[in-house]
Amino acid sequence: DDTFAIAESVKGVEGVVVEQNATQTIKAGDVTINDAQVVGTTPDFPSVRDLEIASGRNFNQAELERKQKVAVLGASLAEELFGEVTPVGQALTVGTTKLTVIGVLEEKGTVGGVDYDARLYIPITVVFDKFQNDQFARVRGDRVGTIYVEVAEAAVLEDVVLQIELLLAKRHDVTLEAPDFSVQTQQDVISTQESTTAA
């Protein structure tokens, strides 16, 4: 809900996405991949995370809301599962859930320890519905750990950050002096990595 509130209320926001990860067995034909990374996310994912679609398309808001069983494959995962066959339109099974492939991403490689090409991307509503198996899932509800926000080039980053902080503080009924969340920019992340490396 916070994600949609940011998208609707904060000026200067280009796109907003969330991720909820799960580890599952994926099968397509004779191929089985154990412990594959399944990422539940939202329609803006390629734009916000700087990924290109190589073939097919990403899922849309209607498919997200209807919990449609559709999937977008990372480049190396698509090759591993389908080889020379075109993945778009093919069926695969994740855990015990059948999904239809609607898109394949361009090769991205490993960034910050994450291999984007080896992951399967599906609507986050399907992850909540099918792949939250632990006993706390019902208590947590549709909670996510991280929200990613893409800021428009013309916007002033500090203004957007402040708007997000004020909105979340109001929604969570906390003050900015004692928030129950933190907002980091890419530069914050880079600075932290640089200081760790220097140390």
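# Exercises on contacts and charges

The side chains of aspartate 129 and lysine 67 come together in a salt bridge, 4.0 Å from N to O. This is a predicted model, and the exercises below let you explore it step by step.

**Exercise 1.** Find where aspartate 129 and lysine 67 lie, and work out why their pair ties together separate parts of the sequence.

*Solution.* Start with the places: aspartate 129 sits in helix α5 (residues 124-130), while lysine 67 sits in the loop between α3 (61-65) and β4 (70-73). These parts are 62 residues apart in sequence, so the pair ties them together. Next, look at the accessibility. Aspartate 129 has a relative accessible area of 45%, so it is partly exposed. Lysine 67 is partly exposed too, with 38%.

**Exercise 2.** State how many salt bridges the structure holds, and describe the one formed by aspartate 2.

*Solution.* The structure holds 5 salt bridges. Aspartate 2 pairs with arginine 171, and their closest N and O atoms are 2.6 Å apart. This pair links distant parts of the chain, since aspartate 2 belongs to helix α1 (residues 2-9) and arginine 171 to helix α7 (residues 157-172), 169 residues apart. Arginine 171 has a relative accessible area of 41%, so it is partly exposed.

**Exercise 3.** Describe the aromatic pair in the structure and say which elements it ties together.

*Solution.* There is 1 aromatic pair. Phenylalanine 45 and tyrosine 121 form this pair, with 5.1 Å centre to centre and 40° between the planes, and it is tilted. Phenylalanine 45 lies in helix α2 and tyrosine 121 in strand β9 (residues 119-123), so the pair ties together parts 76 residues apart in sequence. Both phenylalanine 45 and tyrosine 121 are buried.

**Exercise 4.** Locate glutamate 52 and classify its accessibility.

*Solution.* Glutamate 52 lies in the loop between α2 (45-48) and β3 (53-56). Its relative accessibility is 54%, so glutamate 52 counts as exposed. Glutamate 52 also belongs to a patch of negative charge on the surface, with Asp50, Glu79, Glu80, Glu84, Glu106 and Glu107.

Definitions and conventions
Residues are numbered from 1 along each chain as its sequence is written. This is a predicted model: local features need pLDDT of at least 70, side-chain atom pairs count only at pLDDT 80 or more; totals for chains, interfaces and linings use all residues. Side-chain values use heavy atoms; hydrogens and water are left out. Patches are made of residues with over 30% relative accessible area and no salt bridge: like charges are joined within 9 Å, nonpolar side chains (Val, Leu, Ile, Met, Phe, Trp, Tyr) within 5 Å. Accessible areas come from the Shrake-Rupley method with a 1.4 Å probe; for residues, only the protein chains shown count as cover. Lys and Arg count as positive and Asp and Glu as negative; His and the chain ends are not counted. The place of a charge is taken as NZ of Lys, CZ of Arg, CG of Asp or CD of Glu. Helices (H or I, at least four residues) and strands (E, at least two) are DSSP runs, numbered from the N terminus. Buried means under 20% relative accessible area, exposed over 50%, partly exposed in between (1.4 Å probe, protein chains only). Rings of Phe, Tyr and Trp (its six-membered ring) pair if their centres lie within 6.5 Å; planes under 30 degrees apart count as stacked, over 60 as edge-to-face and the rest as tilted.
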